[in-house]
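Thanks for making the time this morning.

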Amino acid sequence: MQFNVAQLLREPIGASRDYDIDDDIALEEERHRLTGRVELVRTDRGILVQAELTTPAQYECSRCLAPVTGEVRLRLDEEYLPTSAPLTGLPVNEADEPEALLIDEGHTLDLAEAVRQAWLLAEPMKPLCHADCAGLCAVCGNNRNTDPCTCETIDPRWAALEPLRNALRDS
Ligand SMILES: [Zn+2]
Ligand SMILES: [Zn+2]
């Protein structure tokens, strides 16, 4: 996920490059395949990166714990600043903006860190195997999608009244 932008930095504002991406990238110590498109646009200060990328992902269903294959979609919209001015080679920006994403001295723009951060933010919090997953039975632990059980589940708000209901039924 590295792009040499030496040429693009010499071009006028608005000049752009498109790239089709099909790449392996290390995220959290695993290799992930990343596909999609990256557009680099010359701005007055540096290079604007706009990317739409997807990577396959394995999850556990949050209700029944079945493995779920899905994909994570990543959107990047980040401006990278040169560490040196393209024409003069003089250092720019570094002191002013310590948080800025930087293009290195060799004019290499590395997307790895921005992709990693977008990936962390994009993790879904509650993946489901399918929208109406019945989940695991709270009484016997069966997977109610594949192994329906006959456990009666009582709403805990009514459980306290259960002895009274039984007494009425018996009388
Ligand atoms: Zn499920
Ligand atoms: Zn059950």
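**A loop residue, then the sheet**

Leu 65 counts as exposed, because it has 12 C-beta neighbours inside 10 Å; by the rule used here, a residue is exposed if 12 or fewer other C-beta atoms, placed from the backbone, lie within 10 Å of its own, buried if there are 20 or more, and partly exposed in between. Please keep in mind that this is a predicted model, in which local features need pLDDT of at least 70, side-chain atom pairs count only at pLDDT 80 or more, and totals for chains, interfaces and linings use all residues. Residues are numbered from 1 along each chain as its sequence is written, while chains are lettered from A and ligands numbered from 1 in the order in which they are written.

Leu 65 sits in the loop between strand 4 and strand 5, strands being DSSP runs of E with at least two residues, numbered from the N terminus, and although Leu 65 is not a glycine, its phi is positive, at about 70°.

Now to the sheet, which is open, has 5 strands in the order 2-3-4-5-6, and shows mixed pairing, where two strands pair if DSSP finds at least two bridges between them. Strand 2 (16-27) and strand 6 (101-103) are at the edges with a single partner strand each, so one side of each has no neighbour in the sheet.

Strand 2 and strand 3 run antiparallel and are joined by 12 bridges, with Arg 17 having Leu 40 in strand 3 as its bridge partner. Strand 5 (residues 67-82), by contrast, pairs with strand 6 in the parallel sense over 3 bridges.

Methods. Helix = DSSP H or I, 4+ residues; strand = E, 2+ residues; numbered from the N terminus.
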